Amino acid sequence: MISFSVDGIVLDIEGTTSSIDFVYRQMFPYVRRELDSFLAEYFDEPEVATACRLIANEGDLSQFNVVSAHSASRAEALALVRGEVLRLMDGDSKSTGLKQLQGLIWRNGFESHELIAHVFPEVPLRLKTWSAAGIKLFIYSSGSIEAQKLFFGHTEYGDLRGHFSGYFDTTIGPKRESTSYAKIAAACRMPAARLLFLSDISAELAAATAAGFQVGLCVRLGNAPQADADQYPQIETFEQIEMSR
(Lines give C-alpha, C1' and ligand atoms only; values in the text may rest on other atoms or scores of the structure.)
Protein backbone atom coordinates (compact mmCIF):
# COMPACT_ATOMS: atom_id res chain seq x y z
CA MET A 1 0.00 0.00 0.00
CA ILE A 2 1.05 3.59 -0.67
CA SER A 3 -0.13 5.99 2.04
CA PHE A 4 -1.02 9.66 1.72
CA SER A 5 -2.55 12.09 4.21
CA VAL A 6 -4.43 14.79 2.28
CA ASP A 7 -7.51 16.99 2.19
CA GLY A 8 -7.80 16.97 -1.59
CA ILE A 9 -6.80 14.96 -4.66
CA VAL A 10 -6.17 16.44 -8.12
CA LEU A 11 -6.45 13.82 -10.85
CA ASP A 12 -5.24 13.73 -14.42
CA ILE A 13 -7.51 11.81 -16.82
CA GLU A 14 -5.60 10.16 -19.66
CA GLY A 15 -3.41 7.36 -18.28
CA THR A 16 -4.58 8.04 -14.72
CA THR A 17 -8.32 7.51 -14.32
CA SER A 18 -8.80 6.37 -17.89
CA SER A 19 -6.96 4.48 -20.58
CA ILE A 20 -4.77 6.24 -23.13
CA ASP A 21 -6.07 3.74 -25.66
CA PHE A 22 -9.63 5.06 -25.38
CA VAL A 23 -8.49 8.64 -26.00
CA TYR A 24 -6.33 7.81 -29.03
CA ARG A 25 -8.47 5.09 -30.59
CA GLN A 26 -11.94 6.53 -30.04
CA MET A 27 -12.01 10.17 -28.94
CA PHE A 28 -9.41 11.63 -31.32
CA PRO A 29 -10.65 9.67 -34.37
CA TYR A 30 -14.17 10.90 -33.61
CA VAL A 31 -12.96 14.51 -33.87
CA ARG A 32 -11.20 13.84 -37.18
CA ARG A 33 -14.28 12.15 -38.61
CA GLU A 34 -16.74 14.83 -37.49
CA LEU A 35 -14.58 17.94 -37.95
CA ASP A 36 -15.73 19.01 -41.41
CA SER A 37 -19.45 18.57 -40.81
CA PHE A 38 -19.22 20.15 -37.34
CA LEU A 39 -17.44 23.27 -38.62
CA ALA A 40 -19.86 23.59 -41.54
CA GLU A 41 -22.87 23.45 -39.23
CA TYR A 42 -21.68 25.29 -36.11
CA PHE A 43 -18.90 27.62 -37.27
CA ASP A 44 -20.99 30.74 -36.58
CA GLU A 45 -22.04 29.69 -33.07
CA PRO A 46 -20.36 31.98 -30.48
CA GLU A 47 -18.54 29.26 -28.52
CA VAL A 48 -17.27 27.61 -31.71
CA ALA A 49 -16.19 30.95 -33.16
CA THR A 50 -14.34 31.74 -29.92
CA ALA A 51 -12.46 28.40 -30.02
CA CYS A 52 -11.59 28.93 -33.70
CA ARG A 53 -10.26 32.43 -33.04
CA LEU A 54 -8.12 31.07 -30.20
CA ILE A 55 -6.73 28.36 -32.49
CA ALA A 56 -5.99 31.00 -35.11
CA ASN A 57 -4.26 33.30 -32.62
CA GLU A 58 -2.21 30.49 -31.08
CA GLY A 59 -1.16 29.39 -34.56
CA ASP A 60 -0.61 32.94 -35.82
CA LEU A 61 -3.11 32.46 -38.65
CA SER A 62 -3.28 36.15 -39.44
CA GLN A 63 -5.42 35.43 -42.51
CA PHE A 64 -8.17 33.91 -40.37
CA ASN A 65 -9.36 37.09 -38.67
CA VAL A 66 -9.46 38.83 -42.04
CA VAL A 67 -11.40 36.23 -43.98
CA SER A 68 -13.71 35.17 -41.13
CA ALA A 69 -15.05 38.74 -40.96
CA HIS A 70 -16.47 38.44 -44.47
CA SER A 71 -19.25 35.95 -45.14
CA ALA A 72 -18.10 35.52 -48.73
CA SER A 73 -14.83 34.10 -47.37
CA ARG A 74 -16.45 31.67 -44.92
CA ALA A 75 -15.22 28.63 -46.83
CA GLU A 76 -11.67 29.96 -46.72
CA ALA A 77 -11.92 30.55 -42.96
CA LEU A 78 -13.21 27.01 -42.48
CA ALA A 79 -10.34 25.61 -44.52
CA LEU A 80 -7.77 27.56 -42.48
CA VAL A 81 -9.18 26.30 -39.18
CA ARG A 82 -9.52 22.74 -40.45
CA GLY A 83 -5.90 22.66 -41.60
CA GLU A 84 -4.63 24.04 -38.30
CA VAL A 85 -6.74 21.63 -36.23
CA LEU A 86 -5.38 18.64 -38.14
CA ARG A 87 -1.82 19.95 -37.87
CA LEU A 88 -2.18 20.39 -34.11
CA MET A 89 -3.73 16.94 -33.69
CA ASP A 90 -0.97 15.34 -35.76
CA GLY A 91 1.51 16.87 -33.30
CA ASP A 92 -0.54 15.83 -30.24
CA SER A 93 -0.66 19.51 -29.27
CA LYS A 94 -2.10 20.62 -25.93
CA SER A 95 -3.29 23.89 -27.50
CA THR A 96 -6.05 25.45 -25.39
CA GLY A 97 -8.05 26.44 -28.48
CA LEU A 98 -7.79 22.94 -29.92
CA LYS A 99 -8.92 21.38 -26.65
CA GLN A 100 -11.90 23.73 -26.48
CA LEU A 101 -12.98 22.85 -30.01
CA GLN A 102 -12.49 19.12 -29.39
CA GLY A 103 -14.70 19.40 -26.31
CA LEU A 104 -17.47 20.99 -28.36
CA ILE A 105 -17.26 18.22 -30.96
CA TRP A 106 -17.20 15.50 -28.29
CA ARG A 107 -20.37 16.94 -26.79
CA ASN A 108 -22.34 15.55 -29.72
CA GLY A 109 -20.66 12.16 -29.37
CA PHE A 110 -21.27 11.82 -25.64
CA GLU A 111 -24.82 13.15 -25.71
CA SER A 112 -25.74 10.76 -28.54
CA HIS A 113 -24.08 7.91 -26.59
CA GLU A 114 -21.79 7.15 -29.52
CA LEU A 115 -18.96 7.89 -27.11
CA ILE A 116 -19.01 6.26 -23.67
CA ALA A 117 -15.99 7.14 -21.55
CA HIS A 118 -13.68 4.43 -20.29
CA VAL A 119 -12.51 4.54 -16.68
CA PHE A 120 -10.45 1.88 -14.93
CA PRO A 121 -12.73 -0.53 -13.02
CA GLU A 122 -11.62 0.42 -9.49
CA VAL A 123 -11.95 4.16 -10.12
CA PRO A 124 -15.71 4.65 -9.44
CA LEU A 125 -15.58 2.96 -6.03
CA ARG A 126 -12.40 4.82 -5.03
CA LEU A 127 -13.92 8.15 -6.02
CA LYS A 128 -16.98 7.33 -3.95
CA THR A 129 -14.92 6.20 -0.96
CA TRP A 130 -12.61 9.22 -0.99
CA SER A 131 -15.38 11.77 -1.42
CA ALA A 132 -17.45 10.08 1.30
CA ALA A 133 -14.44 10.43 3.62
CA GLY A 134 -14.49 14.19 3.09
CA ILE A 135 -11.58 14.32 0.66
CA LYS A 136 -12.26 16.87 -2.10
CA LEU A 137 -11.66 15.62 -5.64
CA PHE A 138 -10.61 17.74 -8.61
CA ILE A 139 -9.63 17.16 -12.24
CA TYR A 140 -6.71 18.87 -13.98
CA SER A 141 -6.42 17.89 -17.63
CA SER A 142 -5.29 19.46 -20.88
CA GLY A 143 -8.77 18.66 -22.19
CA SER A 144 -11.23 21.54 -21.75
CA ILE A 145 -13.43 21.75 -18.67
CA GLU A 146 -16.38 21.18 -21.01
CA ALA A 147 -14.79 17.92 -22.22
CA GLN A 148 -13.92 16.82 -18.68
CA LYS A 149 -17.52 17.18 -17.52
CA LEU A 150 -18.81 15.37 -20.59
CA PHE A 151 -16.30 12.59 -20.03
CA PHE A 152 -17.19 11.90 -16.40
CA GLY A 153 -20.87 12.46 -17.06
CA HIS A 154 -20.97 9.63 -19.62
CA THR A 155 -18.80 6.76 -18.39
CA GLU A 156 -19.24 2.99 -18.52
CA TYR A 157 -20.19 3.27 -14.84
CA GLY A 158 -22.66 6.09 -15.25
CA ASP A 159 -22.41 9.74 -14.22
CA LEU A 160 -19.43 10.25 -11.88
CA ARG A 161 -19.50 14.06 -11.77
CA GLY A 162 -21.09 14.12 -8.33
CA HIS A 163 -17.78 13.07 -6.77
CA PHE A 164 -15.88 16.13 -8.03
CA SER A 165 -15.62 19.55 -6.44
CA GLY A 166 -13.99 21.28 -9.40
CA TYR A 167 -12.27 21.06 -12.76
CA PHE A 168 -9.16 22.75 -14.16
CA ASP A 169 -7.75 22.92 -17.68
CA THR A 170 -4.86 24.76 -19.31
CA THR A 171 -6.64 28.09 -19.03
CA ILE A 172 -5.18 28.10 -15.49
CA GLY A 173 -1.73 27.38 -16.91
CA PRO A 174 0.40 24.67 -18.59
CA LYS A 175 0.61 21.34 -16.80
CA ARG A 176 4.41 21.37 -16.69
CA GLU A 177 4.72 24.70 -14.88
CA SER A 178 4.71 24.92 -11.08
CA THR A 179 2.76 28.20 -11.09
CA SER A 180 -0.25 26.32 -12.49
CA TYR A 181 -0.35 24.09 -9.42
CA ALA A 182 0.05 27.05 -7.08
CA LYS A 183 -3.02 28.59 -8.74
CA ILE A 184 -4.93 25.33 -8.39
CA ALA A 185 -4.12 25.12 -4.67
CA ALA A 186 -5.34 28.68 -4.23
CA ALA A 187 -8.53 27.93 -6.18
CA CYS A 188 -9.12 24.81 -4.05
CA ARG A 189 -8.52 26.91 -0.92
CA MET A 190 -6.14 24.31 0.45
CA PRO A 191 -2.43 24.35 1.28
CA ALA A 192 -0.48 22.71 -1.55
CA ALA A 193 1.05 20.30 0.97
CA ARG A 194 -2.44 18.92 1.69
CA LEU A 195 -3.13 18.17 -1.98
CA LEU A 196 -2.16 15.05 -3.91
CA PHE A 197 -1.65 15.15 -7.68
CA LEU A 198 -1.81 11.88 -9.65
CA SER A 199 -0.58 11.74 -13.25
CA ASP A 200 1.19 9.46 -15.72
CA ILE A 201 3.68 12.18 -16.75
CA SER A 202 6.68 12.74 -14.51
CA ALA A 203 7.30 16.28 -15.83
CA GLU A 204 3.87 17.23 -14.51
CA LEU A 205 4.67 15.62 -11.16
CA ALA A 206 7.92 17.59 -11.00
CA ALA A 207 6.00 20.83 -11.51
CA ALA A 208 3.44 19.87 -8.86
CA THR A 209 6.21 18.87 -6.44
CA ALA A 210 7.88 22.24 -6.94
CA ALA A 211 4.58 23.87 -5.94
CA GLY A 212 4.49 21.80 -2.74
CA PHE A 213 2.03 19.06 -3.74
CA GLN A 214 2.27 15.42 -2.78
CA VAL A 215 2.41 13.33 -5.97
CA GLY A 216 2.07 9.81 -7.35
CA LEU A 217 3.02 8.40 -10.76
CA CYS A 218 0.39 6.26 -12.46
CA VAL A 219 1.97 3.37 -14.37
CA ARG A 220 -1.12 1.93 -16.02
CA LEU A 221 -0.91 -0.58 -18.88
CA GLY A 222 -0.21 1.35 -22.08
CA ASN A 223 1.32 4.41 -20.39
CA ALA A 224 4.61 5.69 -21.75
CA PRO A 225 7.63 4.80 -19.57
CA GLN A 226 9.01 7.75 -17.60
CA ALA A 227 12.80 8.03 -17.36
CA ASP A 228 12.72 9.31 -13.77
CA ALA A 229 9.90 7.07 -12.57
CA ASP A 230 11.90 5.90 -9.56
CA GLN A 231 11.68 9.40 -8.06
CA TYR A 232 7.95 9.01 -7.40
CA PRO A 233 5.57 6.54 -5.71
CA GLN A 234 4.40 4.27 -8.55
CA ILE A 235 0.71 3.41 -8.70
CA GLU A 236 -0.64 0.64 -10.92
CA THR A 237 -4.17 0.82 -9.50
CA PHE A 238 -5.97 3.14 -7.09
CA GLU A 239 -6.51 0.09 -4.90
CA GLN A 240 -2.87 0.48 -3.84
CA ILE A 241 -3.59 3.90 -2.32
CA GLU A 242 -4.33 4.20 1.38
CA MET A 243 -5.80 7.60 2.11
CA SER A 244 -6.18 9.46 5.39
CA ARG A 245 -6.79 13.05 6.46
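Predicted model: local features only at pLDDT ≥ 70, side-chain atom pairs only at ≥ 80, totals over all residues.

Student: How do you know that the length of helix α2 agrees with its number of residues?

Tutor: Helix α2 (residues 46-58) has 13 residues, which at 1.5 Å a residue should span 18 Å, and its end C-alpha atoms are 18 Å apart, so the two values agree. The buried residues of this helix are V48, A49, A51, C52, I55 and A56. They cover an arc of only 160° around the axis, and therefore lie on the same side of α2, while P46 and N57 are exposed on the other side.

Student: Why is S144 called buried?

Tutor: Buried requires under 20% relative accessible area, and S144 has 6%, so the label applies. S144 is placed in the loop between β3 and α7 (145-153), and, leaving aside neighbours within four places in sequence, it is in contact with K99, Q100, G103 and D169.

Student: Why is strand β6 described as largely enclosed by the rest of the structure?

Tutor: Strand β6 (residues 214-218) has five residues, and because four of them are buried, the strand is largely enclosed by the rest of the structure.

Student: What makes β5 and β6 a pair, and what makes β6 and β7 a pair?

Tutor: Pairing needs at least two bridges between the strands. Four bridges join β5 (residues 195-199) to β6, and these strands run parallel; β6 and β7 (residues 234-235) are paired over two bridges, also in the parallel sense. As for individual bridge partners, F197 has V215 in β6, and C218 has I235 in β7. Between β5 and β6 comes helix α9 (residues 202-210), and β5, α9 and β6 make a right-handed β-α-β unit.

Student: Why are β4 and β7 called edge strands?

Tutor: The open sheet has six strands in the order β4-β3-β2-β5-β6-β7, with parallel pairing. Both β4 (166-168) and β7 pair on one side only, and these are the edge strands. Elsewhere in the sheet, four bridges join β2 to β5, which run parallel, and I9 stands opposite L196 in β5.

Student: What makes a set of residues a nonpolar core, and which residues have the most contacts inside the largest one?

Tutor: The members must be buried nonpolar residues joined through side-chain atoms within 4.5 Å. The largest nonpolar core has 57 residues, and those with the most contacts inside it are I9, L101, W106, F151, L198, F238 and M243. Helix α1 (residues 20-42) gives the largest share of this core, nine residues. Apart from that core lies another, of 21 residues, including F138, Y181, A192 and F197.

Notes
Residues numbered from 1 in each chain as written. Heavy atoms only, no water. Buried < 20%, exposed > 50% of the residue type's maximum accessible area, 1.4 Å probe, protein only. Right-handed = clockwise from strand over helix to strand, strands pointing away. Expected span 1.5 Å × (residues − 1). Arc of directions from axis to C-beta. Contact = heavy atoms within 4.5 Å.
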